[in-house]
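What follows walks through a structure, beginning with a single residue and widening to whole chains. Keep the sequence at hand while reading.

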Amino acid sequence: MKQTILTIESNSPLTSAVYRLDLRGAEEMQRPGQFINIRLAGHFLRRPISVYDQDGDRLTVLYKTVGAGTEQLSRMQRGETLDVLTGLGNGYDLGKAGTCPLLLGGGVGVPPLYLLAKELRAKALPVTAVLGFNTREEVFGEAEFRELGCEVTVTTADGTYGTRGFVTDALPLNYSYFYTCGPEPMLRAVYRATNTSGQFSFEERMGCGFGACMGCSCKTITGQKRICREGPVLEKEEILWAD
Amino acid sequence: MGRLSTTLLGIELDNPVIPASGTFGFGWEFAQWYDINCLGTFSFKGTTKDPRFGNPTPRIAECASGMINAVGLQNPGVDQVIREELPKLAKVFRKKVMANVSGFSVADYAAACERLDQEEQVGWLEVNISCPNVHGGGMSFGTDPAAAAEVTRAVKKVTRKPVIMKLSPNVTDITAIARACEEAGADGISLINTLQGMRINLRTRQPVLANVMGGVSGPAVFPVALRMVWQTARAVRIPVIGMGGITTAEDVLEMMMAGAVACEVGAANLVDPCACKRIIDDLPAAMDKYGIRNLSELRIR
């Protein structure tokens, strides 16, 4: 965990609502599944966004414009600086991947799986990635996961691109373990459709993002956890779904 | 005594900056951000007799210049706080800590305070009376002078440590509650707790918070807090701790000019984990700017 001032190297749209933001000046290496918390002028609370990639001091996040804060962020230019808390949360545990891990990402749940895929590929593991979106215009990341050497399937709910349906309609026959991130209905479907252990990354409204406010607490089989601190990644076996 | 030092109910503080309850956990996790011994003290997470999970999520909403929380007093209960949290704190903090206590009945408050009275690390008890009284129709203890006085008396009976009553601002006349606490034996007053508020999500047309309503904090409430501290400091003779939306050294000076002997800093810690250290570091320059030699000269008595 570190508080740093990062400089915007580039900030450009990948789709009509998803932007890629490259920041320079990162002082600590982020683990796959961790997130950063960005302060924006005129907004009291920071915006937590998962880490997409890191290369030296260049830290990359992909974010979706969903409100006034992220829209303001999307208008920021190269050379401007941001006050950022980095290295937040507990990331994915790569040690459990087994011989042929599966990555399941939905929408803006895809980005945290990229750094994970990169590190799994660096261990020379065969990685399958299923990336789910609503429709063709929202698809991103396919080429980037392919470049890493992943076996990639894209699904769209309306069938306008790739396989019609959800990520759970495109599960491979064999996989050793899975890692997933996406909207909660997708995570619930993944929970039911998978037949191995796996890790889930959750989203929650946060106050601080570093464990102080208890704003993002959840109940698990292994006790109360903070999504921002003990999470955002939880093991399949410890999840207690809220009704 | 340094320029920043102040005395809080018989205990010398190096400076008047106190992270507020609910924004600083049990302190030890903040030692990852800075050496927390630079603080005057801090008020730990609101603790109840029994463990509480708190409210369902979402528990947090944002507003202009502030935030709204409905955490619902999540805490591990007083026994676990004493068994696990205080020993972890002792490893990184060598000063007295302020124990913040909540309850849902007079007996709950007394039970938790009696346990904490035994703890050497605890310098003061800060009693949060913004909780609903389950035996009183669910109305907050802090909105009724008689109920506030009853809690004060019950707590004073079980402890020899200084008792600070933390007031709710969601009342018609804050000075009536403050005077009732003073008459019932309170050693000090802290205020303000959060103001009740809410937000609605325009897309879903539903309240943002699962609990519908929550407590507003942050710079948005500073003028309200300042006004109530001013009124209260002139209505009672016991020391007053000011809090509500403080984010800068200048805010601390303003709050002390209103009559506070010390200041708690809450929401700012959640946005800037080093907020209190920054405020302490900025205080001498801010005092120079306004011709203040020692903070003690700002005391109104």
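Leaving out residues up to four places away in sequence, R293(B) touches R3(B) and M287(B), where contact means heavy atoms within 4.5 Å. R293(B) sits in the segment that follows α8 of chain B; helices (H or I, at least four residues) and strands (E, at least two) are DSSP runs, numbered from the N terminus. R293(B) counts as exposed because its relative accessibility is 65%; buried means under 20% relative accessible area, exposed over 50%, and partly exposed in between, with a 1.4 Å probe and protein chains only. From R293(B) to N170(B) the C-alpha atoms are 36 Å apart in space, and the two residues are 123 apart in sequence.

The model is predicted: local features need pLDDT of at least 70 and side-chain atom pairs count only at pLDDT 80 or more, while totals for chains, interfaces and linings use all residues. Residues are numbered from 1 along each chain as its sequence is written, chains are lettered from A and ligands numbered from 1 in the order in which they are written, and side-chain values use heavy atoms, with hydrogens and water left out.

Is V101(B) buried or exposed? V101(B) counts as buried, because its relative accessibility is 0%. The residue lies in strand β6 (residues 97-101) of chain B. Setting aside neighbours within four places in sequence, V101(B) is in contact with T47(B), Y109(B), A112(B), C113(B), L116(B), L125(B), E126(B), V127(B) and N128(B). A147(B) is 46 residues from V101(B) in sequence, and their C-alpha atoms are 16 Å apart in space.

Helix α6 of chain B (residues 249-257) also has buried residues: A249(B), D251(B), V252(B), L253(B), M255(B) and M256(B). Their cover includes α5 (222-235), β14 (240-243), β15 (262-265) and α8 (275-289) of chain B. Just after α6(B) comes G259(B), with a positive phi of about 125°.

Two loops of chain B have backbone features to look at. In the loop between β3 (17-19) and β4 (60-63) of chain B lies P58(B), and the peptide bond from T57(B) to P58(B) is cis, with omega near 0°. R205(B) is in the loop between β11 (200-201) and β12 (206-207) of chain B. Phi of R205(B) is near 65°, a positive value in a residue other than glycine. R205(B) is exposed, its relative accessible area being 71%.

Now for chain B as a whole. It has eight helices and 15 strands. Its radius of gyration is 18 Å, close to the 19 Å that the globule rule gives for 301 residues, so chain B is as compact as a globular protein of that length. The radius of gyration is taken over C-alpha atoms, and the globule rule is 2.2 Å times the number of residues to the power 0.38. The C-alpha trace of chain B spans about 50 × 50 × 40 Å along its principal axes. Buried residues are 60% of the 301 in chain B. Of the contacts in chain B between residues at least 6 apart in sequence, 70% join residues at least 24 apart.

Chain A has four helices and 15 strands. The radius of gyration of chain A is 17 Å, close to the 18 Å from the globule rule for 243 residues, so chain A is as compact as a globular protein of that length. Along its principal axes, the C-alpha trace of chain A spans about 50 × 40 × 35 Å. Of the 243 residues in chain A, 57% are buried.

Chain A is divided into domain 1 (2-88) and domain 2 (94-201), with bounds from an automatic or database domain assignment. How far apart are the centres of domain 1 and domain 2 of chain A? Taken over C-alpha atoms, 23 Å separate them. In chain A, 14 residues of domain 1 are in contact with 14 residues of domain 2.

Chain A, too, has a cis peptide bond: it joins G231(A) and P232(A), with omega about 5°. P232(A) is in the loop between β14 (223-226) and β15 (233-235) of chain A. In the loop between β12 (198-201) and β13 (217-220) of chain A lies M214(A). Phi of M214(A) is near 65°, a positive value in a residue other than glycine. M214(A) is buried, with a relative accessible area of 17%.
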